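Dear colleague,

I am handing over the structure that follows, and below it you will find notes on what was found in it. Please read them with the model open beside you.

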Amino acid sequence: ILYLTDMQNGIIFSYDYETETGQIKNKKELIRIPKEVGIPDGLTVDGEGFIWSAQHGFRVVRYDPDGKIEREIEVPVELVTCITFGGEQMNELFITSAWWGFDDLKKTLQPQAGDIFRLKTDITGIIEPAFEG
């Protein structure tokens, strides 16, 4: 399965993916996130097939394969941009953030904006396959 985040419309799509040919087909709207809740950005998948979505709006959300929220993690910054698993046991979630567009007051209120966060989880990630095209 290949997942695609459409930030502008707040949608995460899924596609069937042919690993041998690189072809995608059967586009499906899997998750729709209302703008007032968050804006989806980068995502990753864990070893159980659940989808982790970094979302502008102070959060990371883990969805089950059907698109239902399994858990939400609050992050102390508004612009949560991307996530990936790492660490020796692939159970550490690395979360990136940004501060673009912030004025001086917002930077003062969110001093950790632009930082990278690390969170140990009870979930194991997968090693992401390299893109060869």
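**Findings**

W52 and F85 are both buried, where buried means under 20% relative accessible area, exposed over 50% and partly exposed in between, with a 1.4 Å probe and protein chains only. This is a predicted model, in which local features need pLDDT of at least 70 and side-chain atom pairs count only at pLDDT 80 or more, while totals for chains, interfaces and linings use all residues. Residues are numbered from 1 along each chain as its sequence is written, and side-chain values use heavy atoms, with hydrogens and water left out.

Rings of Phe, Tyr and Trp (for Trp, the six-membered ring) are paired if their centres lie within 6.5 Å, with planes under 30 degrees apart called stacked, over 60 edge-to-face and the rest tilted; by this rule there is one aromatic pair. It is formed by W52 and F85, edge-to-face, with 5.5 Å between centres and 85 degrees between planes. The pair links distant parts of the chain, since W52 belongs to strand β5 (residues 51–56) and F85 to strand β8 (residues 79–86), 33 residues apart; strands are DSSP runs of E with at least two residues, numbered from the N terminus.

Turning to the interior, a nonpolar core is a set of buried Ala, Val, Leu, Ile, Met, Phe, Trp, Tyr and Cys residues joined through side-chain atoms within 4.5 Å. The largest such core has 18 residues, of which W52, V60, V75, V80, I83, L93 and I95 touch the most other members. Strands β5, β8 and β9 (92–98) each give two or more residues to this core, and the largest share, four residues, comes from β8. A second, separate core of ten residues includes I12, I31, I51 and Y63.

Two charged side chains lie over rings, which is counted if NZ of Lys or CZ of Arg is within 6 Å of the ring centre and within 35 degrees of the ring normal. K27 lies over the face of F13, at 4.3 Å from the ring centre, and the charged end of R62 sits over the ring of F50, 3.8 Å from its centre.

Finally, N91 is placed in the loop between β8 and β9, and it counts as buried because its relative accessibility is 17%. Beyond its neighbours within four places in sequence, N91 is in contact (heavy atoms within 4.5 Å) with F85, G86, L119, K120, T121 and I123.

With best wishes
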